[in-house]
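Here are a few notes to read alongside the structure. Take them one at a time and find each spot as you go.

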Amino acid sequence: MSLACIERPSPNFNERPSGRGVDILLLHYTGMESAEAAASRLCDPAAKVSSHYLVDEAGAVTRMVPEHLRAWHAGAGNWAGETDINGCSIGIEIANGGHDFGSPPYPDVQMRAVEALCLDILSRHAIPARRVLGHSDIAPGRKADPGEWFDWARLSRAGIGVWIEPEPVMEGPVLSEGDRGDTVAELQYLLADYGYGIEVLGRYDEMTKAVVAAFQRHFRPEKVDGVADVSTVATLRRLLDTVKSTA
């Protein structure tokens with residue numbers, strides 16, 4: 001790779017599935033008090049977790065698992081029907097305390113390093129923009145990282161991932177848990193069409209609420225509540241129109 005990295009190998013990896021290339025870039029926050037605490041855990045054989053890279057608060061990049069190997073960062077998840085996310089992804093852990101430690105901002109120096117690392121990875125792997133994802137996208141309800149304060153718009157301006165300006169939050173009709181019918185089914189279809197792991201059942205169940213919250217966390221972060229309000233649905237429709245027009 002062209003980017004300077006600290007080498008700190010993790011024992012937690014295995015081979016990728018035969019013939020399966022890398023086509024997802026997955027971003028996480030560490031959710032721990034420090035980068036060193038996260039690094040220790042990611043290299044602990046007993047923890048059975050790892051990541052390809054860790055970016056600390058000062059912007060230093062540590063490589064823990066070579067890209068051709070399968071790091072154990074995603075856990076159970078689904079994106080566009082793919083359930084072995086570890087098998088087809090590269091994982092970046094970004095040192096940040098996360099929701100459990102006050103949702104601290106990502107420093108500019110750290111974000112510059114994340115941008116550089118992502119661009120370096122994308123120069124080697126044919127990863128579509130819509131498959132640059134957060135952990136919460138592939139594991140709604142189970143994971144919330146890298147968090148609604150993560151600057152996806154900044155990455156998009158650098159040529160990484162997809163971003164559109166969300167529709168403003170406004171009063172109007174909503175879909176929420178317990179609702180049923182064709183309108184709910186259409187919402188589920190649109191979310192699944194983008195890639196979220198959701199069945200089209202026509203009922204607004206707990207999973208639908210979790211997926212809507214994950215979508216909001218990434219694309220409409222002003223209000224993350226799992227309720228499909230006018231802003232959420234309009235943003236989702238415009239997102240799909242945008243990615244299809246540029247495909």
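This is a predicted model: local features need pLDDT of at least 70, side-chain atom pairs count only at pLDDT 80 or more; totals for chains, interfaces and linings use all residues.

1. Among the elements covering the buried residues of α1 are β4 (53-55) and β7 (89-94). The helix spans residues 35-42, and its buried residues are Ala35, Ala38, Ala39 and Leu42. These lie on the same side of α1, because they cover an arc of only 100° around the axis.

2. Next, look at Arg220, in the loop between α7 (206-219) and α8 (230-245). Is Arg220 buried or exposed? Its relative accessible area is 1%, so Arg220 counts as buried, the cut-off being under 20%. The side chain of Arg220 reaches the backbone oxygen of Lys223 at 2.6 Å. Arg220 also forms a salt bridge with Asp229, with 3.1 Å between the closest N and O atoms, and Asp229 is buried too. Other residues that Arg220 touches include Pro166, Phe215 and Thr235.

3. Side chains of opposite charge can pair when their charged atoms come close. The whole structure holds 18 salt bridges. One of them joins Glu148 and Arg217 at 2.9 Å, N to O. This pair links distant parts of the chain, 69 residues apart: Glu148 sits in the loop between α4 (135-138) and α5 (152-157), and Arg217 in helix α7. Glu148 is partly exposed at 24% relative accessible area, whereas Arg217, at 16%, counts as buried.

4. Finally, Arg237 and Glu186 form a salt bridge with their closest N and O atoms 2.8 Å apart. Arg237 is in helix α8 and Glu186 in helix α6 (residues 182-194), 51 residues apart.

Notes:
Residues are numbered from 1 along each chain as its sequence is written. Side-chain values use heavy atoms; hydrogens and water are left out. Helices (H or I, at least four residues) and strands (E, at least two) are DSSP runs, numbered from the N terminus. Buried means under 20% relative accessible area, exposed over 50%, partly exposed in between (1.4 Å probe, protein chains only). A polar contact is a pair of N or O atoms within 3.5 Å; within protein, one must be able to donate a hydrogen and the other to accept it, and residues adjacent in sequence count only if both atoms are side-chain atoms. Contact means heavy atoms within 4.5 Å. The arc is that of the directions from the helix axis to the C-beta atoms. A salt bridge is a side-chain nitrogen of Lys or Arg within 4 Å of a carboxyl oxygen of Asp or Glu. Lists of a residue's contacts leave out its neighbours within four places in sequence.
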